[in-house]
Amino acid sequence: MSSEAERMRFRIEIRVTPREGIVDPEGQTIGRALDNLGYRGVHHVQSGRLVRFELEAGDAGAAREQVTRMCEELIANPVIEQYDISIAEPIRAPEPAEG
Amino acid sequence: MKVGIVRFPGSNCDQDCYRAVREGVGTEAVFLWHKSHDLDGCDSIILPGGFSYGDHLRAGAIARFSPIMREVIAFARDGGPVLGICNGFQILCEAGLLPGALVRNDSLRFRSHPVRVRVERTDTPFTTTYREGDVLVMPIAHGEGQYVADRSVSERLEGEGRVIFRYVDSQGEATASANPNGSARNIAGICDAGRRVVGLMPHPERAASKLLGTDGLGVFQALLAHRRPDAEAPRQQAGAESRVMETHDRAGAAS
């Protein structure tokens, strides 16, 4: 399909962190460990997950729309997690279709 | 009565559930592979414990998309009894059949030891053999068993009597020290709004033999007595009733 050849490839990063009000024992433990090591003034440590991939899409808006659905369906559990999506400028056009 | 036990890659309590049903209760049990598209005519379904798909992403997050889960969800929506134990509970939450979620234990440690749970409600297909207030000893074995839910959700669970099991101490009190993982309101098990889908973190199948204790056996025996609302003529009625009586006697002696 000709439209396929026009698609761009976007570098996607999704940061998943515990939702506000959901306990984050891992973050708390990191905070305590930093305090034990003598680092003062560290507050509200949160620990989460980074998911990074490249995605072919027609434009940045279409990419964001698709990634949001991915987050809602699989990558984050909205009951306990929130997510931030960042989409970089397209890195390169995919190779032209054969034929 | 035919009980289906779903096997995901990484399930590891499937054999224990099978034995609890076959040897503990004496009824038919079959394994259902996660790629299967039908439930083989089973009357009830168990999602056993384990580490389906290596717990990648979140516990239960990938298993929920297994082909058989489409059938399990339809079966549950149709009023069929579904029990999720440990990882099975996590899968039921990820699949949206039960509200809330299970996150890392507040201790950050994997907890593997016996706990006491109090039976809060007996009006589910898996608890009719008990009496309200019965305290059961069953093992837990999980790293992510801390039940969390929005305040409105947990209040609704309480209000609708959908907390089925609660962690308690030797006095039967739901204290903070009796809570092995930081679960909201000491919740160890809940059911859905239709009271047919039950999830719990402790392992009743590991407390279903003389050697390991029999407090969990009633969860499986209850299935014999259970009738779907639209079920035809009762089967095995006499056997079911006598088993229920035995369990009551045993529960009474233990408490």
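Leaving aside neighbours within four places in sequence, B:L92 is in contact with B:L47, B:G84, B:L97, B:L98, B:V197 and B:G199; two residues are in contact if their C-beta atoms, placed from the backbone, lie within 7 Å. B:L92 and B:I45 are the residues with the most contacts inside the largest nonpolar core, which has 75 residues. A nonpolar core is a set of buried Ala, Val, Leu, Ile, Met, Phe, Trp, Tyr and Cys residues joined through C-beta atoms within 7 Å. A residue is buried if 20 or more other C-beta atoms lie within 10 Å of its own, exposed if 12 or fewer, and partly exposed in between, with C-beta atoms placed from the backbone. Helix α5 (residues 217–225) of chain B supplies the largest share of this core, 6 residues. A second, separate core of 10 residues includes A:I14, A:A63, A:C71 and A:Y83.

The structure is a predicted model, in which local features need pLDDT of at least 70, side-chain atom pairs count only at pLDDT 80 or more, and totals for chains, interfaces and linings use all residues. Residues are numbered from 1 along each chain as its sequence is written, while chains are lettered from A and ligands numbered from 1 in the order in which they are written. The model scores ipTM 0.75 and pTM 0.84. For chain B the mean pLDDT (the predictor's confidence in each residue, from 0 to 100) is 89, and 88% of the residues of chain B reach 70 or more. Residues 230–255 of chain B have pLDDT below 50, and this stretch has 24 contacts in the model beyond near neighbours in sequence.

Chain B contains 6 helices and 11 strands. Helices (H or I, at least four residues) and strands (E, at least two) are DSSP runs, numbered from the N terminus. Of the 255 residues in chain B, 55% are buried. Among contacts in chain B between residues at least 6 apart in sequence, 75% join residues at least 24 apart. Helix α5(B) is mostly covered, with 8 of its 9 residues buried; among them are B:L217, B:F220 and B:L224.

Nine strands of chain B form an open sheet in the order β2-β1-β3-β4-β11-β10-β9-β6-β7, with mixed pairing. Two strands pair if DSSP finds at least two bridges between them. The edge strands, β2 and β7 of chain B, each pair on one side only. On average, neighbouring strands of this sheet are turned by 25° against each other, direction ignored. Axes are lines fitted to C-alpha atoms, for helices over the stretch in contact, and angles run from 0 to 180 degrees between N-to-C directions.

B:R7 has B:W33 in β2(B) as its bridge partner. Strand β1 (residues 2–7) of chain B is mostly covered, 5 of its 6 residues being buried. Strand β6 (residues 111–119) of chain B runs antiparallel to β7(B) and is joined to β7(B) by 8 bridges; the bridge partner of B:P114 in β7(B) is B:P139. In a regular strand the side chains alternate between the two faces of the sheet. Strand β7 (residues 135–142) of chain B has B:L136, B:M138, B:I140 and B:H142 on a covered face, and B:V135, B:V137, B:P139 and B:A141 on an uncovered one.

In chain A, 3 strands form an open sheet in the order β2-β1-β3, with antiparallel pairing. The edge strands β2 (49–57) and β3 (81–87) of chain A each pair on one side only. Strand β1 (residues 8–18) of chain A is joined to β3(A) by 7 bridges, and A:V16 stands opposite A:Y83 in β3(A). Helix α3 (residues 60–75) of chain A lies across β1, β2 and β3 of chain A and runs at about 155° to β3(A).

Between the chains, 9 residues of chain A are in contact with 11 residues of chain B. Helix α2 (residues 25–36) of chain A gives the largest share of the chain A side, 3 residues. The residues on this side divide into 6 nonpolar, 2 polar and 1 charged. Ala, Val, Leu, Ile, Met, Phe, Trp, Tyr, Cys and Pro count as nonpolar, Asp, Glu, Lys and Arg as charged, and the others, Gly among them, as polar.
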